[in-house]
Amino acid sequence: MKIIISPAKQMQIDTEAFPCTQGLFFQQTKEILLKLQGMSMPELQKLWACNDALAEQNYERISQMDLARNLTPAVLAYVGLQYTHMGPRVLESDAWDYVCANLRILSGFYGLLRASDGVTPYRLEMQAKLELAGKKNLYQYWGRSLYDALVSEDKVILNLASKEYSKAVEPYLDKDVRFVTCIFGCADKKGGYKVKATEAKMARGSMVRWCAEHNAQEPEAVQGFTTYGYSFQPELSSQNEYIFIR
C-alpha cells in the first residue's frame with residue numbers, strides 16, 4: 001500500500017538530517033525551474049498569488065536554485081500542521097523505514113516524492129496556471145505520469161491528499177487499482193458531520209504516523225485509527241471512501 005499526501009507551502013532546510021535520494025522526475029523539475037527562471041518577478045507573483053515579501057523571497061530562491069545541492073529529505077522539508085502531527089523527526093527506526101517505503105508526496109514542482117528524496121525550498125502549487133511545454137497548466141503538464149509512477153510500485157493507494165493534489169492522479173484510475181480516500185469530520189448537532197480544513201490536516205498527518213507505527217499494509221488496517229477521538233464510521237463509509245468522525 002502506498003499513501004499519498006499533499007506538500008506544504010512553508011519549508012525548511014536541514015541538510016544534515018538524513019541522506020537524500022534523487023526524485024523520480026528530476027528532469028521535469030529542471031524544465032519547470034528553467035521556465036520559472038525566465039519569468040519576471042511580477043509574472044511570478046501573479047503565478048504564486050502571494051504578497052510582495054513572499055514574492056521577493058521566492059524570486060531570489062528561484063534565481064539561485066540548485067536542484068542538486070544543499071537538499072533536505074522531503075518529509076522533513078515541509079512545515080505545516082500535517083507534517084507536525086506526522087512527527088517524522090521522532091519516528092522510531094522501523095516507522096521511519098515504513099514512511100520511506102510507503103509514503104509519497106505529490107508536488108507541482110517535483111511531481112511525486114518519496115520521503116527521502118532531496119528537495120530545496122520552492123513555491124509552486126499544483127493548481128498554479130503555469131503554461132509549459134505546450135500545456136496550459138501543471139495538471140496537463142504532469143498528465144498521467146505521476147499516476148503511472150505511483151501504481152508501478154503498488155496498486156493499492158490510501159489517499160490522504162487534498163483534492164488539489166489528488167486530482168493529479170484520480171482521473172487516471174484503472175479498474176485494477178484500489179484507491180481509498182479518508183475523510184475526517186467533526187460531528188454536528190444534526191447527526192451529520194463537517195470537514196474542517198485545519199483539523200483534517202492534523203488528522204492526515206496523524207494517520208500517516210499511525211500507519212507507520214502499526215505497519216499498516218492494507219486500507220482495512222486504518223479502520224482502527226482512533227487518534228484525537230476519531231472513529232471509523234462503517235455505516236457512512238464505502239469500499240473507496242472511509243469516513244472518520246470525532
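These are my notebook entries on a predicted model, written for someone meeting it for the first time.

**Ground rules.** I number residues from 1 along each chain as its sequence is written, and I leave out hydrogens and water, using heavy atoms for side-chain values. Because the model is predicted, local features need pLDDT of at least 70 and side-chain atom pairs count only at pLDDT 80 or more, while totals for chains, interfaces and linings use all residues.

**Overall form.** I looked up the secondary structure and found 10 helices and 12 strands; these are DSSP runs numbered from the N terminus, with helices (H or I) of at least four residues and strands (E) of at least two. The C-alpha atoms fill a box of roughly 55 × 40 × 35 Å along the principal axes. For 246 residues, a compact globule would have a radius of gyration near 18 Å, and the protein agrees because it has 18 Å. That radius is taken over C-alpha atoms, and the globule rule is 2.2 Å times the number of residues to the power 0.38.

Buried means under 20% relative accessible area, exposed means over 50%, and partly exposed lies in between (1.4 Å probe, protein chains only). The protein exposes about 12000 Å², with 48% of it supplied by carbon and sulfur atoms; the areas come from the Shrake-Rupley method with a 1.4 Å probe.

**The core.** Which residues touch the most other members of the largest nonpolar core? They are Ile3, Ile32, Phe109, Leu158, Met207 and Phe244, in a core of 81 residues. Helix α10 (residues 197-214) gives the most to this core, with six residues. A nonpolar core here is a set of buried Ala, Val, Leu, Ile, Met, Phe, Trp, Tyr and Cys residues joined through side-chain atoms within 4.5 Å. I then followed Phe109: beyond its neighbours within four places in sequence, its contacts (heavy atoms within 4.5 Å) include Ile32, Met65, Tyr122 and Trp142.

**Helix α8.** In α8 (residues 145-153), the buried residues are Leu146, Tyr147, Ala149, Leu150 and Val151. They pack against β1 (2-5), β5 (103-107), β6 (111-114), α7 (138-142) and β8 (156-159).

**Cysteines.** How many disulfides does a search of the whole structure find? I got zero, a disulfide being a pair of cysteine sulfur atoms within 2.5 Å. For Cys211, the nearest cysteine sulfur is that of Cys182, 7.7 Å away. Cys211 is buried, with a relative accessible area of 0%.

Trp48 is in helix α2 (residues 41-48) and counts as buried, at 4% relative accessibility. Leaving aside neighbours within four places in sequence, I see it in contact with Ala55, Asn58, Tyr59, Ile62 and Arg123. Ala49 sits in the loop between α2 and α3 (52-64). Is Ala49 buried or exposed? It is exposed, with a relative accessible area of 66%. Its phi is near 50°, a positive value in a residue other than glycine.

**His85 and Tyr228.** His85 lies in helix α5 (residues 81-86). A polar contact of 2.8 Å joins its side chain to that of Tyr228. Such a contact is a pair of N or O atoms within 3.5 Å; within protein, one must be able to donate a hydrogen and the other to accept it, and residues adjacent in sequence count only if both atoms are side-chain atoms. Tyr228 is in the loop between α10 and β11 (231-232), has a positive phi of about 60°, and counts as partly exposed at 40% relative accessibility.
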